[in-house]
Amino acid sequence: GGPEAQSLGTQVRALIRDDLMASRYFKTLDPTPGADPADPEPWKKAGAAFTLSGRVSLDAGRASVTVKLGDLASGEAALERYYRQDAKFWRSVAHRISDDIVKQLTGKPGIAHTQLAFVNDQSGSKELYVVDYDGEGLRRLTSDRSITLLPRWSPDGKRVAYTSYKHNNPDLLEINLEKGSTRVLSGRQGLNLAGGFSPDGNRLVMTLSQQKNPNIYQLDLGDLSAKALTSHFGVESSPTYSPDGNQVAFVSDRSGNPQVHILDLATGRIRRLTSLNWCDSPSWSPTGEWIVFAGRANNKDPMDLFVIDITGSQLRQLTHGEGSNEDPAWSPDGRFISFTSTRGGASGQPPKRRRRLYVMDADGSAPRLVLDPPGNSFTPSWSP
């Protein structure tokens with residue numbers, strides 16, 4: 001359909017290929033030189049299980065994409081679908097195609113359409129940004145010229161809660177990404193730090209101080225009333241809901257050094273989960289079995305990332321002193337972890353002073369830099 005459509009087709013193909021490779025479900029094979037793309041035999045000999053073909057056309061600024069996923073074992077189409085979108089949003093179309101392929105072949109949702117919200121200080125202030133999961137499409141959400149902290153996505157992906165000092169108090173705010181509007185969720189005097197949304201999106205667990213010691217509260221997003229979940233004389237912070245919303249993991253210094261604890265919301269019982277020198281920023285996996293957190297085994301170690309099962313019997317270290325590693329957050333499918341690190345840019349390089357945004361597999365393997373904007377990046381949160 002002309003050079004513009006051909007160029008767009010090349011871009012769509014490259015992005016789908018990158019998405020499928022990044023999913024860790026697939027290995028992609030390039031066409032055999034000189035072979036007929038419609039002939040399945042060269043693909044079978046190369047070890048392929050499926051072929052993906054597509055057609056792109058342009059009309060009045062809109063792109064139409066037709067894809068067919070062929071099952072080489074049965075000779076049938078495993079997926080045939082048509083997409084139409086403004087051509088300027090071609091990346092969104094490619095990500096949708098990738099996620100549809102993952103869903104069709106694995107039964108699990110893909111993450112190519114997801115985003116990361118995080119804080120960066122390149123402007124001289126700590127502002128809120130979002131970026132596609134692959135590091136493209138960076139957007140700045142705030143220009144408050146103040147301190148922004150701890151973004152947290154709502155379960156529907158339409159809102160981000162965060163803490164801001166723009167009114168000279170660490171208030172809890174929420175930005176509606178569809179409307180571009182912002183509202184105050186909690187402006188109580190003292191700390192108002194976002195923890196995370198409940199699975200149904202009706203509540204938010206948070207840290208409140210109200211001119212007292214910081215404790216864990218549950219905020220009703222309907223009437224914005226706050227209910228105390230803990231009342232400790234020390235510091236309790238960094239709460240995160242379990243996937244079923246029945247428990248909350250948080251950090252408390254009630255046993256001396258900060259450790260991860262679990263609160264059962266029905267009974268109010270609290271049990272200690274970790275026994276390291278220092279623990280911070282727990283995040284409950286979407287599958288429910290694991291909690292990832294930043295910590296260190298002794299006070300001479302840099303901060304590293306660990307996962308622990310909810311019984312506390314299995315502790316696994318994911319990073320091993322490659323700079324300071326903090327702020328872990330799970331991908332919505334529970335297969336990847338985003339985090340920030342001061343590690344060097346390549347093997348053997350000394351750690352950088354700047355804190356950058358990384359993603360790794362959930363077992364700690366294959367860490368990769370997501371993007372490298374100026375300044376330091378902090379506290380990523382992965383969208384649904």
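Leaving aside neighbours within four places in sequence, Ser377 is in contact (heavy atoms within 4.5 Å) with Phe118, Val119, Asn120, Thr340, Arg355 and Leu357. This is a predicted model, in which local features need pLDDT of at least 70, side-chain atom pairs count only at pLDDT 80 or more, and totals for chains, interfaces and linings use all residues. Residues are numbered from 1 along each chain as its sequence is written, and side-chain values use heavy atoms, with hydrogens and water left out.

Stay with Ser377. It lies in strand E27, residues 377-382. Helices (H or I, at least four residues) and strands (E, at least two) are DSSP runs, numbered from the N terminus. Ser377 has a relative accessible area of 2%, so it is buried. Buried means under 20% relative accessible area, exposed over 50%, and partly exposed in between, with a 1.4 Å probe and protein chains only. The side chain of Ser377 also makes a polar contact with the side chain of Asn120, at 3.0 Å. A polar contact is a pair of N or O atoms within 3.5 Å; within protein, one must be able to donate a hydrogen and the other to accept it, and residues adjacent in sequence count only if both atoms are side-chain atoms.

Now turn to the sheet. Three strands form an open sheet in the order E1-E2-E3, with antiparallel pairing. Two strands pair if DSSP finds at least two bridges between them. Strands E1 (50-59) and E3 (77-86) are the edges, each pairing on one side only. Neighbouring strands are turned by 10° against each other on average, direction ignored. Axes here are lines fitted to C-alpha atoms, for helices over the stretch in contact, and angles run from 0 to 180 degrees between N-to-C directions. Strand E2 (residues 62-71) pairs with E3 in the antiparallel sense over 9 bridges. Ser64 has Arg84 in E3 as its bridge partner.

Helices come next. Helix H1 (residues 3-22) lies across E1 and E2, running at about 145° to E1. Helix H3 (residues 90-106) lies across E1, E2 and E3, at about 160° to E3. The buried residues of H3 are Trp90, Val93, Ala94, His95, Ile97, Ser98, Asp99, Ile101 and Val102. They pack against H1, E1, E2, E3 and strand E5 (127-132). How does the length of H3 compare with expectation? At 1.5 Å a residue, its 17 residues should span 24 Å, and its end C-alpha atoms are 24 Å apart, which agrees. The expected span is 1.5 Å times one less than the number of residues. Gly107 follows H3, with a positive phi near 80°.

Ser23 sits in the loop between H1 and helix H2 (40-45). Its relative accessibility is 10%, so Ser23 counts as buried. The side chain of Ser23 reaches the backbone oxygen of Leu20 at 2.7 Å. Beyond neighbours within four places in sequence, Ser23 is in contact with Val102, Arg335 and Phe336. Val102 is one of the buried residues of H3.

Finally, the aromatics. The whole structure holds 4 aromatic pairs. Rings of Phe, Tyr and Trp (its six-membered ring) pair if their centres lie within 6.5 Å; planes under 30 degrees apart count as stacked, over 60 as edge-to-face and the rest as tilted. The rings of Phe293 and Phe306 have centres 5.6 Å apart and planes at 15°, so this pair is stacked. Phe293 lies in strand E20 (residues 290-296) and Phe306 in strand E21 (residues 304-309), so the pair ties together parts 13 residues apart in sequence. Both Phe293 and Phe306 are buried.
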